[in-house]
Amino acid sequence: MVNCLFSARSAMLRLTAALWLWAAAFAVHADYVVQVGVFEKPRYAGEIARSLHLAGLTVKAQPIIDVPGGLMVRLMVGPYITRREAEDALARVKALGQEGFIRKYVEGPDVKRPGQPPSSVHAPKETPAVPPPSPVKEPPIALERLNAEPPPPPELTEQQIEELLALAPPEIPVPAEDLFGLGELPVAPPSRFTGFFQSELAYTWSKPAHLSKFRQTLELSTQGEWGQWAKWKLSGRAAYDAVFDSDDFYPPAVEDDQRLQADVRETYVDFSLGDWDFRLGRQHIIWGEMVGLFFADVVSAKDLREFVLPEFEMLRIPQWALRSEYFSGDFHGEAVWIPYPSYDDIGVPGAEFYPYPSLPPPGYGIAFQDEEKPAGDLSYSGYGLRLSYIQSGWDLSGFYYNSMDASAAFFRDVIATPTPTFVFRPTHERIQQYGATLSKDFLSMVFKAEVIYTQDRWFEVTRLSDADGAVQQDLLDYVVGLEYPLPARSRLNLQFFQRWYPDHDPDMTAEEVETGASVYLSTHWRSLEPQLLVAGSLNRGDWLARPKIVWELGRQWRWVNGVDIFGGSRSGLFGRYDNLDRVYSEIRYTF
């Protein structure tokens, strides 16, 4: 086994060196954009463009003509000279609640106009008669004008928008400020302090019915620069849940764990040396992102005290890390070192979403020791490398990550006297992970896939003869997803995922191949966005359904109402919470 691991590491190092040399030799200058979406109706693209414009982002629209229906509009943010700038813009787009991914700004036209010969892409082009940009006006803006809801942009008919788009060739997008009349809308100047306040209320109706959450969360952040060489960010979050002071439904240990929370969020310093960027401090390192569940996002720790129900930005726990990034044309290299890792927060026994192991046989009691989180020693540090490249619209990446497992494994001791008892010890052991991600848009569709091979993770077994009740296993996870825009500014996302244990132990609670799928559907009706996420296991038939309605109350307010429903086998990932169905409401003010 040691020889195999040594060979794997050596092969990884050789591959890494070859990729770095190849990228340095062949990388060329290129511009990048963040693709936000493809819309069937221009007015839907105009609504998204308006929200991005008000946030200070540069928005462009690109026509797609040779598709069923005659015209679709690709909405993009940018362009940016470097991929680093595009990565920063993508983070801002996601903070506004929009999806997106990075693509090349000019890859040659991926659509043709009727009657245009294939060779026309290389022929000289006449300057398109695109309307000139709106003149820049900088009059003093009254504070009450900024606080008021911005007026809607001037209405253009879809025929007028199609005529404007038809003037420009596909590889020269039209400024969305001109196309949708956004130039006159006031854009608030950047604030020194940003953040949000969120109030959440949840009621669990399964017997015994009870109020399960009344949390108030405040997050503040500020950022700045030190001359021309460094930038910095400082942020923190505090939360108070009044449920744990309102009654005695929960055990005292759970109340103490979840009543109050205050922690440092992203707090770091950025500096650059040529093509190298460095970030030192507490930060999010996101290597993969699918809808509703985590797969290749292996570096992030998560707050799982509410399972995976909160938004990802609320779930993720930043890591204290040194990250170095190299950008050269279409190539992006990233190396991370995490000296003192953060681990998943699973709460304490007695909490509703505590990940209990299997129940002991009749006649045995059950008890838990405190979770063992390695800390204070650099031998527990984590390190990894990720390499990515954009080629012909494909965003490809591969990574290696060596760390203590952020997820706790439950080891078991059996005590015979005075009462036979299973005593479980939540513990973190070292694992290695190899993975790859890819994404590609095909006109209006977006395809994503992730695959992760994990070595040496521990899993529970049910046989009493096993000394610690756990076995070490390798496993392969993969997920493929397809997202497709529907009429009326709607979108459909389908995902299929599997986990395979090559050396499966028959006494594990998991089967040799675990299979699951998810469906996500959203649409818009004025300021309302109904959403539905359904995910489930195809092995056990357990599932999670999450219908909700998002109500955008102006530029800074958002109100969400929804239901979380679990069903199916109690041995499944979702079915074990079958008695925790709940209705919830949350309102957020962003500033």
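Predicted model: local features only at pLDDT ≥ 70, side-chain atom pairs only at ≥ 80, totals over all residues.
## Overall make-up

The protein chain contains 9 helices and 30 strands. Of its 591 residues, 48% count as buried. The accessible surface comes to about 28800 Å², and carbon and sulfur atoms account for 61% of this area. Among contacts between residues at least 6 apart in sequence, 63% join residues at least 24 apart.

## Nonpolar cores

The largest nonpolar core has 28 residues, of which Trp-287, Phe-307 and Phe-566 touch the most other members. Two or more residues of this core come from each of strand E13 (305-308), helix H9 (312-315), strand E16 (331-340) and strand E19 (394-404). Another core, of 21 residues, lies apart from it and includes Val-34, Leu-57, Leu-75 and Ala-89.

Leaving aside residues up to four places away in sequence, Phe-307 touches Leu-315, Phe-353, Phe-566, Leu-573, Phe-574, Arg-576 and Tyr-577.

## Aromatic pairs

The whole structure holds 34 aromatic pairs. One of them joins Phe-307 and Phe-574 edge-to-face, at 6.0 Å centre to centre and 80 degrees between the planes. This pair links distant parts of the chain, 267 residues apart: Phe-307 belongs to strand E13, while Phe-574 lies in the loop between strand E29 (557-567) and strand E30 (582-590). Both Phe-307 and Phe-574 are buried.

Tyr-326 and Phe-331 form a tilted pair, with 6.2 Å between centres and 55 degrees between the planes; both of these residues are buried.

## Aromatic cluster and charges over rings

One aromatic cluster is formed by Tyr-354, Tyr-356, Tyr-364, Phe-368, Phe-410, Phe-422 and Phe-424. Elsewhere in this account of rings, the charged end of Arg-588 sits over Phe-196, 3.8 Å from the ring centre. The charged end of Lys-440 sits over the ring of Phe-442, 4.8 Å from its centre.

Technical notes
Residues numbered from 1 in each chain as written. Heavy atoms only, no water. Core = buried A, V, L, I, M, F, W, Y, C linked by side-chain atoms within 4.5 Å. Buried < 20%, exposed > 50% of the residue type's maximum accessible area, 1.4 Å probe, protein only. Helix = DSSP H or I, 4+ residues; strand = E, 2+ residues; numbered from the N terminus. Contact = heavy atoms within 4.5 Å. Areas by Shrake-Rupley, 256 points an atom, 1.4 Å probe, with all protein chains shown as cover. Phe/Tyr/Trp six-rings, centres within 6.5 Å; stacked < 30°, edge-to-face > 60°. Lys NZ or Arg CZ within 6 Å of the ring centre and 35° of its normal.
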